[in-house]
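The stops below are given in the order in which to select them.

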Protein chains: 2
Amino acid sequence: MGTTKSDHFSVKQNQIANIAKAIGHPARVAILDYLSKVDSCICSDIVNELPLAQPTISQHLKELKNAGLIKGNIEGNAICYCIDEKAIEKIQAYFTKLAGKLTKQKNTCC
Amino acid sequence: MGTTKSDHFSVKQNQIANIAKAIGHPARVAILDYLSKVDSCICSDIVNELPLAQPTISQHLKELKNAGLIKGNIEGNAICYCIDEKAIEKIQAYFTKLAGKLTKQKNTCC
DNA sequence: CCCATATATTTTAATATTGCAATATAAATT
DNA sequence: AATTTATATTGCAATATTAAAATATATGGG
């Protein structure tokens with residue numbers, strides 16, 4: 001029964017979970033870090049940047065793309081990947097909202 | 001070979017990945033949403049809030065706790081869980097920084 | 001057309017996660 | 001002490017994820 005009961009939760013909760021899940025692996029964090037560092041987006045020197053085989057990285061990129069965190073265009077015989085700001089903004093907004101709610105709380109027990 | 005090669009990535013990358021991974025499940029997003037909504041932290045009516053069995057929720061709480069996202073005190077025969085702001089601040093800072101870098105980029109290809 | 005390069009897909013193996021029934025623990029109440 | 005209430009742990013089946021070797025595809029250059 002390793003299946004997540006996604007349909008029991010709200011669309012928004014699933015969206016946030018999906019974005020977070022995509023970021024939930026150090027290799028994918030490293031990919032995002034790299035993409036945010038190189039101003040130009042000449043990619044897949046990522047394969048040289050990371051201690052993982054090319055097919056593994058390709059899969060991680062696919063997951064990041066599925067989650068909407070990166071976008072890419074075919075650029076000659078290379079593919080140019082960039083971070084998609086929309087997803088970052090979405091999850092950032094979620095945390096900002098969450099943090100805002102927390103400061104209003106005056107919990108005494110924890 | 002389902003093991004993540006955590007030791008090949010930086011401590012920071014692993015920290016962010018761990019927090020994100022914990023948020024990467026709709027049930028756990030729902031738990032955080034609930035905890036941020038109820039001002040007081042009388043918990044586990046969470047069991048009544050969510051469409052999951054008690055042991056399943058207990059496990060999700062454990063994972064959130066391991067990731068540092070929630071903290072809890074024993075309060076009589078109930079346990080009082082609250083969101084731990086430190087983890088939220090940490091991941092929020094990560095996204096703020098990331099978003100900041102992105103606005104400085106002038107990518108033309110994507 | 002053939003080759004090199006860049007990237008994706010398929011397949012396979014190892015391991016992790018999800019969910020729950022059953023059971024355990026532990027404090028509060030009767 | 002027995003009962004109730006709240007939560008945790010264990011064990012297991014179903015499924016998902018991670019990683020890489022082997023293979024496929026696709027583009028540009030010669």
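Select Lys86(A) and Asp84(A): in this predicted model, their side chains form a salt bridge, with N and O 3.8 Å apart. Colour the pair by accessibility and the two ends separate. Lys86(A) has 61% relative accessibility, over the 50% cut-off, so it counts as exposed. Asp84(A) is at 12%, under the 20% cut-off, and is therefore buried. Side chains of opposite charge can pair when their charged atoms come close.

Go to the other chain and select Lys86(B) with Asp84(B). Here too the side chains meet in a salt bridge, at 3.8 Å from N to O. Lys86(B) is exposed, with a relative accessibility of 60%, while Asp84(B) is buried at 12%. Over all chains, the structure holds 4 salt bridges.

Stay in chain B and select Glu63(B) and Arg28(B). This is another salt bridge, and its closest N and O atoms are 3.2 Å apart. Which parts of the chain does the pair link? Show the helices: Glu63(B) lies in helix H4 (residues 54-66) of chain B and Arg28(B) in helix H2 (residues 26-37) of chain B, so that the pair links distant parts of the chain, 35 residues apart. Glu63(B) is partly exposed, at 38% relative accessible area. Arg28(B) is buried, at 7%.

Keep helix H4 of chain B on screen and select His60(B), which has its place in that helix. Is His60(B) buried or exposed? With a relative accessible area of 9%, His60(B) is buried. Now display its contacts, leaving aside neighbours within four places in sequence: they are His25(B), Ala27(B), Arg28(B), Ile31(B) and Leu52(B). Arg28(B), one of these contacts, is the salt-bridge partner of Glu63(B) from the previous stop.

Next, turn to the aromatic rings. How many aromatic pairs are there over all chains? The count comes to 3. Select Phe95(A) and Phe95(B): they form a stacked pair, 5.8 Å centre to centre, with 15 degrees between the planes. This pair crosses between chains, running from helix H5 (residues 85-104) of chain A to helix H5 (residues 85-104) of chain B. Both Phe95(A) and Phe95(B) are buried.

Tyr94(B) and Phe95(B) make an edge-to-face pair, with centres 5.5 Å apart and planes at 75 degrees. Tyr94(B) is buried at 11% relative accessibility, and Phe95(B) is buried at 0%.

Finally, zoom out and colour by chain. How is chain A laid on chain B? A turn of 180 degrees with a shift of 0.0 Å along the axis superposes chain A on chain B with an RMSD of 0.0 Å. The two copies are thus related as by a two-fold rotation axis. Select the interface residues of chain A and compare them with those of chain B. Of the interface residues of chain A, 100% are also interface residues in chain B, so the copies meet through the same surface.

Terms used:
Residues are numbered from 1 along each chain as its sequence is written. Chains are lettered from A and ligands numbered from 1 in the order in which they are written. This is a predicted model: local features need pLDDT of at least 70, side-chain atom pairs count only at pLDDT 80 or more; totals for chains, interfaces and linings use all residues. Side-chain values use heavy atoms; hydrogens and water are left out. Copies are superposed by least squares on the C-alpha atoms of residues with pLDDT of at least 70 in both. Contact means heavy atoms within 4.5 Å. Buried means under 20% relative accessible area, exposed over 50%, partly exposed in between (1.4 Å probe, protein chains only). Helices (H or I, at least four residues) and strands (E, at least two) are DSSP runs, numbered from the N terminus. Rings of Phe, Tyr and Trp (its six-membered ring) pair if their centres lie within 6.5 Å; planes under 30 degrees apart count as stacked, over 60 as edge-to-face and the rest as tilted.
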